[in-house]
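Please look at the sequence and the model below.

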Amino acid sequence: MTFRSRLFATVPLPVLSTALIATPALADALMKPFEVAQESTGEGQPSEEELLQQQQQQQDEAQRAAEEEQQRQAEEQKAAEEAERAAAEQKAADEDAQRAAADEEQRRAEEQKAAEDAEKAAAEEKAAEEEAQRAAAEEEQRQAEGQKAAEEAEKAAAEEKAAEDGTAEEEQQRQADDGKAAEEQKAQDEQKPAGEEQAEQPAQQDGGTSETTAGDQPMTGESDQPTSGESDQATTGESDQPMTGEGEQPAVAGEQSPAETGTDQPATAETGETPAAEPVPEVVETMTEEEKQEIAEDPATTDETVVLPVENGAAVLDSDKDADNAGGQASREERRKKREELRAQEEDVPVPDTDDAAQATISEEVREAVPGRIEAAIKEEGKRVKEAPDFAVPETTNIINTTVINNTVINNNTINNTTIDNSVTEVNVVERFENRTVLEAGDRLIVRGDDRPRLRRDSEEVYYDNLARGRVRETIVRPGGVQIVTIYNRYGDIIQRSRVGRDGREYILVYAPELEGDAPRPGLIDVGYELPPMRLRIPVSDYIIDTSSNPDRDYYDFLAEPPVERVERVYTIDEVKHSARLRDKVRRIDLDTITFATGSADVPMSQARTLRSVAEAMQKVLDKDPGETFLIEGHTDAVGSDKSNLVLSDERAESVASLLTDVYGIPPENLQTQGYGERFLKVKTQIAEQQNRRVTIRRVTTLVRPMARAN
């Protein structure tokens, strides 16, 4: 065998496979050695055909191996692509499932929201229907009572006429009897001696006089006077006080009611009630919107009543709203003249630039005595009681011109030659609603709430001590040792309230020095009648803020501003609550981003978030002085009865106060609440109006405690 043959026989299979896959030219080159080897070897070697067949077989095997490799790689690639495609499909399926789940969740949320909206709408509709039914029932009751009063008045008139007719008939009969007796006497005299006639004549004259007096006087006393008393009682008692009944009680223990004193005097002299007056003429606005806006920008240039420059806008000052409601256009003109007279005097007194400047007229003696008196009241020995006390109803309030007195017997409407104005205003309990009481003082309804449950929330301990002069001391112990100490008089008026910190440092919140004496306080009168009409001398935008139209306003700077006029003395918190004129001294924030549903006092959490900026400003004020006091005022629209609106508005004020405490951490003792019903409308309309269902916040610290002098 030649070298080439042996070389060929030892070539590995991979080299042969590579050669087989090579180009035809390479194959021809390889074939030539085979041919040479065949020629040289001779017999005993494979033939050329066998070699070609073997070569072809090897080429086929190599090609099959290559094809199998390619097929394997293709299958692997296909499997990888299918796996990748399956993964993509799985991912897409997962995404579709997630989207479907999200869509389903959103659909369920929308269905739930729609159900809640439907339920809320149904509740509002139900509340509106109930309110309408109550209003209809009250109107029907009022008409029935009016009809009953008219029937009783007609009956009284008929009785009076019958009594008069009876008196006339008796007089005629008496005259006839007298004439007959005279004739009989004349006949007897003609038969008697002259001496007997002269002796009996004086006796006949005396008897006739006595008979006439006894006959006439009872008729006057029984027919005229009681009839007048019953008529007045029917007019005033039944028409002006439809809501009294089981909840009604005497204003003061031991004080006689009209039923006890008899009906010898008209009802107006005993109860302070007045016959139904003619409707007050509605105020007609003659100024254009441009003129209103110009006045709002600089109210100091006018003596007119400043009104909100909006459609049907009411007066800016609450005291002006009261005047408009009571006297209409005539009252506006009277107040304009008084402002004109006072303009020169007020221009000499600048608008206060600090709280201390606002209290410039309060004596230094009063200011310096406060800490010592507060400490003495806190440390005063008292008698511990187990339960919270029930406060008495405020006493009857007597007003003599501009002087307030109590428990004074008034005769002939004159004391010391001073004519009495408004005579006597009797305070009656109209109805009680849990911790609220609706009182009737003259022609006005007032709601008095008890804020002690709100202050006691989350406390560790609460105890009470009875002090001298009918006072009660309440001590609320908070977690960590903070104490809230409040001194009440027997009517529940706050004499003083302090917060004592863990370190023993005391912060005065409310202090009313005039309540410390033994004399009882009237409590339910507007002491603002002592003050002249207020002239607003700053722009309306600096006096009142709407949170909806001023969301970016610096509420802290606004709340920190001093009163807009001087404060004459330290007022009680109840005097501030019951006097629009006093509250007008301080600026206010209208929380009109909280839109109460009709008949509801609930604040939705979505709207509660709108309080954040105001709450943060309040907290910033408290960080500077923890003794600050804010008044939260609740209002309603004009739909519904006065009584129900008063209670609802007080509930709205309490809801906002609780929200400020529970959500934003404002201490409850720094918040006072009061509802005013429909008394201070923002928009003058008798229909349902969202803008009138609102809550207002004022900082009243400067009105209810002496401010410390700046060092």
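What follows is an account of a predicted model, taken one region at a time.

Begin with helix H9, which covers residues 318–347. H9 has 30 residues, yet its end C-alpha atoms are only 22 Å apart.

The next residue to look at is valine 284, in the loop between helix H7 (267–271) and helix H8 (289–297). The C-alpha atom of valine 284 is separated by 8.8 Å from that of glycine 328, although the two residues are 44 apart along the chain. Is valine 284 buried or exposed? Its relative accessible area is 57%, and the cut-off for exposed is over 50%, so valine 284 counts as exposed.

In soluble globular proteins, nonpolar side chains tend to be buried together. The largest nonpolar core in this model holds 30 residues, and Met618, Ile632, Val656 and Leu660 touch the most other members. Two or more residues come from each of helix H13 (555–559), helix H17 (612–624), strand E17 (630–634), helix H18 (642–662) and strand E19 (695–699). H17 gives the most to this core, six residues.

Which residues does isoleucine 632 contact, leaving aside its neighbours within four places in sequence? They include Ala653, Val656, Ala657 and Leu660, together with Leu671, Thr673, Val695 and Ile697. Another core, of 21 residues, lies apart from the largest one; among its members are Ala358, Ile573, Val586 and Val700.

Note on methods. Residues are numbered from 1 along each chain as its sequence is written. This is a predicted model: local features need pLDDT of at least 70, side-chain atom pairs count only at pLDDT 80 or more; totals for chains, interfaces and linings use all residues. Side-chain values use heavy atoms; hydrogens and water are left out. Helices (H or I, at least four residues) and strands (E, at least two) are DSSP runs, numbered from the N terminus. The expected span of a helix is 1.5 Å times one less than its number of residues. A nonpolar core is a set of buried Ala, Val, Leu, Ile, Met, Phe, Trp, Tyr and Cys residues joined through side-chain atoms within 4.5 Å. Buried means under 20% relative accessible area, exposed over 50%, partly exposed in between (1.4 Å probe, protein chains only). Contact means heavy atoms within 4.5 Å.
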